[in-house]
Amino acid sequence: MRLPLNTLPAFRAVAELQNLRAAAERLHLTHSAVSQQIKGLEEQLGFPLFERSGRGIVLNSAGAALLCSVQSALAILDEGVMAASAAATGSEQRLRVSVLPSFAQRWLLPRMARWRTQNPGMSLEIETSQQVVDLVRDGFHAALRFGRGPWAGVESEPLFDMPLPLIALASPETAATLEDDSPETLARQPLLGERDMWQHWFNAAGLRTSIMPVATFNDAGMMLQAAEQGLGITLGRELLAADAICAGRLVRVSPMRVHYDQAQTYHLVYPPSLRDWTPLVALKKWLRDELELSRRNLVTPGSDLDA
């Protein structure tokens, strides 16, 4: 039996979205065209792949069994096309990367000039998102993700050997109003960030107290910016705060560096087929060189406290 290969992208889209209209929008086809492709596939196979009820459509057991193989096969083909496109010569090679907004704002963008100097023939296209994008489907060569991994369908390389320590930070103006750097003094100040992280920090400092931050954020870059503007004291990861500390926009208000068991780290992920692609190899080397430079430039007095 030969499958009509042109119908498989439509089958995958309908199976994943469970909706003909949504699948048609993803594929940039009409609702009727997608419906006809599914019908043609089922006729070729000789059995139905979906259960239809009113306007709804859901996979049956046969469709679910086929979907696993179709997803794998199309992913391999998509990766092959991406690798071929990436290997094609041109006046400038383009590397498209998905990055968390906080990482892009606080660390990556200030270093882009050095990337251009070191890699004049490679264009780095940055798109920020807090969502986990599908690299192959959405046309990305790589992504910087924050989490524990692994992620299905991609290779993952941690950029750090361990989670980044947390340090207490404030604007110079806020720091100047503090009596001292004791945990008791900090506990009386407006605190920015997640309650659990602050609770962990104070517990590690030996202070048992109830914490209620004045504001929380879904983006670490916004939280650090709020601290720079004098809205309170925050806990930040050394890497993201490094430039602000060196520039004097933020100062440390405690010598403690606390490791958080539930903290996660940054990973570079990419399709396996691009592992040895020259622009990606260059990106990996550049990231590691810049991270090492950030570590050397960041002065971190005080003691480490692992809790």
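R111 sits in the loop between α5 and α6 (112-118). Helices (H or I, at least four residues) and strands (E, at least two) are DSSP runs, numbered from the N terminus. The model is predicted: local features need pLDDT of at least 70, side-chain atom pairs count only at pLDDT 80 or more, and totals for chains, interfaces and linings use all residues. Residues are numbered from 1 along each chain as its sequence is written, and side-chain values use heavy atoms, with hydrogens and water left out.

**R111 and the chain as a whole**

- R111 is buried, with a relative accessible area of 6%. Buried means under 20% relative accessible area, exposed over 50%, and partly exposed in between (1.4 Å probe, protein chains only).
- Apart from neighbours within four places in sequence, R111 is in contact with R106, D243, W286, E290 and S294. Contact means heavy atoms within 4.5 Å.
- The chain has 13 helices and 13 strands.
- Of its 307 residues, 45% are buried.
- Take the contacts in the chain between residues at least 6 apart in sequence: 74% of them join residues at least 24 apart.

**The five-stranded sheet**

- Five strands form an open sheet in the order β4-β3-β5-β12-β6, with mixed pairing. Two strands pair if DSSP finds at least two bridges between them.
- The edges are β4 (122-128) and β6 (155-158). Each has a single partner strand, so one side of each is left without a neighbour in the sheet.
- From one strand to the next, the twist averages 25°. Angles run from 0 to 180 degrees between N-to-C directions, and axes are lines fitted to C-alpha atoms, for helices over the stretch in contact.
- β3 (residues 93-99) pairs with β4 in the parallel sense over seven bridges. Within that pairing, V97 stands opposite I126 in β4.
- β3 and β5 also run parallel, joined by three bridges. Here V97 stands opposite A142 in β5.
- β5 and β12 run antiparallel, with five bridges between them. The bridge partner of A143 in β12 is V269.
- β5 is mostly covered, with five of its six residues buried.

**Helix α5**

- Six of the eight residues of α5 are buried, so α5 is largely enclosed by the rest of the structure. The buried ones are S102, F103, A104, R106, W107 and L108.
- α5 packs against helix α11 (residues 220-228) at an angle of about 50°, with the axes 7 Å apart.
- That makes α5 oblique to α11. Angles under 35 degrees count as roughly parallel, over 145 as roughly antiparallel, 65 to 115 as roughly perpendicular and the rest as oblique.
- On the α5 side, S102, Q105 and R106 make the contact. On the α11 side, the residues are A220, G221, M222, L224, Q225 and E228.
- These contact residues divide into three nonpolar, four polar and two charged. Ala, Val, Leu, Ile, Met, Phe, Trp, Tyr, Cys and Pro count as nonpolar, Asp, Glu, Lys and Arg as charged, and the others, Gly among them, as polar.

**Nonpolar cores**

- The largest nonpolar core has 40 residues. A nonpolar core is a set of buried Ala, Val, Leu, Ile, Met, Phe, Trp, Tyr and Cys residues joined through side-chain atoms within 4.5 Å.
- F103, W107, L108, W115, L268, L283 and L287 touch the most other members of that core.
- Helix α13 (residues 278-297) gives the most to this core, with six residues.
- L287 is in contact with W107, L108, L144 and L268, leaving aside its neighbours within four places in sequence.
- A second, separate core of 20 residues includes A10, I57, L67 and V70.

**A10 in helix α1**

- A10 lies in helix α1 (residues 8-17) and is buried, with a relative accessible area of 1%.
- Not counting residues up to four places away in sequence, A10 touches L27, V34, Q37 and I38.

**Strand β9**

- All five residues of β9 (residues 233-237) are buried. I233, L235 and R237 point one way, and T234 and G236 the other way.
- β7 (residues 166-170) and β9 run antiparallel, joined by four bridges. A168 has L235 as its bridge partner in β9.
- β8 (residues 191-192) and β9 run parallel, with two bridges. L191 has I233 as its bridge partner in β9.
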